[in-house]
Amino acid sequence: MQTVYWLILFVILLIIEILTMGLTTIWFAGGALVAFVSGVIGFGLPAQVVAFLIVSVILLVLTRPLAVKYFNKERQKTNAESLIGEQALVTEDIDTLQAAGHVEIRGQEWSAKTDEPDGKIAKDTIVVVEGIQGVKLIVRERRKEEE
């Protein structure tokens, strides 16, 4: 009778995975399926639990990075994250030490700073967005080869 619980757990985990499509419970569903099969074969509950844990961890560790890499190819960057790598125009001198400076990108004005603590970039310079920290863009001057 206890093997039926593994089958029920397997179905529940599959349903959760189908509803979320987040690649979160599929690994444990595989473990539950192996535990179910080991129970049908005749192994006791301790062996079924160990099989569930081992298979779940192995699937999670070995296949999740591959699945995330191939299943999330079409993921679109959203909001501010999509600005990374874009070029912007400095509209107010950037002085990281003084916490001053603004850039314009896609018609919007953002506070900006450099990665260096004493970094400065003059107005009307073209910069590249390297990251985002809070509400400030982290920028660097555009290199000649990027023109």
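E130 is partly exposed, with a relative accessible area of 39%. In this predicted model, E130 forms a salt bridge with R140, and the closest N and O atoms of the two lie 2.7 Å apart. The pair links distant parts of the chain, since E130 sits in strand 5 (residues 126-133) and R140 in strand 6 (residues 136-141), 10 residues apart. R140 itself is buried, at a relative accessible area of 17%, because buried means under 20%.

The count of salt bridges comes to three. Another joins D95 to K120, with 4.0 Å between the closest N and O atoms. Here too distant parts of the chain are linked: D95 belongs to strand 1 and K120 to strand 4 (residues 120-121), 25 residues apart. D95 is buried, with a relative accessible area of 16%, whereas K120 is exposed at 59%.

E86 and R106 also form a salt bridge, their closest N and O atoms being 3.8 Å apart. Both partners are in loops: E86 in the one between helix 3 and strand 1 (87-95), R106 in the one between strand 2 (100-105) and strand 3 (108-113), with 20 residues separating them. E86 counts as partly exposed at 32% relative accessibility, and R106 is exposed at 52%.

The chain as a whole has three helices and six strands, and from the N terminus on they run α-α-α-β-β-β-β-β-β. Its radius of gyration is 26 Å, well over the 15 Å that the globule rule gives for 147 residues, so the chain is more spread out than a compact globule. Along the principal axes, the C-alpha trace spans about 75 × 30 × 25 Å. Of the 147 residues, 30% count as buried.

Helix 1 (residues 2-20) has 19 residues, which at 1.5 Å a residue should span 27 Å; the end C-alpha atoms are 28 Å apart, in agreement. Its buried residues include T3, W6, F10, L13 and E17. Seen down the helix axis, the buried residues of helix 1 fall within an arc of 75°, so they line one face. An α-helix has 3.6 residues a turn, so residues three or four places apart point the same way. On the other side of helix 1, Y5, I18 and L19 are exposed. Just after the helix, M21 takes a positive phi of about 50°.

Helix 3 (residues 45-71) gives the most to a nonpolar patch, with seven residues. This surface patch, of about 680 Å², is made by F28, V50, I54, V57, I58, L60, V61 and L62. I54 is found in helix 3 and is partly exposed, with a relative accessible area of 46%.

Methods:
Residues are numbered from 1 along each chain as its sequence is written. This is a predicted model: local features need pLDDT of at least 70, side-chain atom pairs count only at pLDDT 80 or more; totals for chains, interfaces and linings use all residues. Side-chain values use heavy atoms; hydrogens and water are left out. Patches are made of residues with over 30% relative accessible area and no salt bridge: like charges are joined within 9 Å, nonpolar side chains (Val, Leu, Ile, Met, Phe, Trp, Tyr) within 5 Å. Accessible areas come from the Shrake-Rupley method with a 1.4 Å probe; for residues, only the protein chains shown count as cover. A salt bridge is a side-chain nitrogen of Lys or Arg within 4 Å of a carboxyl oxygen of Asp or Glu. Helices (H or I, at least four residues) and strands (E, at least two) are DSSP runs, numbered from the N terminus. Buried means under 20% relative accessible area, exposed over 50%, partly exposed in between (1.4 Å probe, protein chains only). The expected span of a helix is 1.5 Å times one less than its number of residues. The arc is that of the directions from the helix axis to the C-beta atoms. The radius of gyration is taken over C-alpha atoms; the globule rule is 2.2 Å times the number of residues to the power 0.38.
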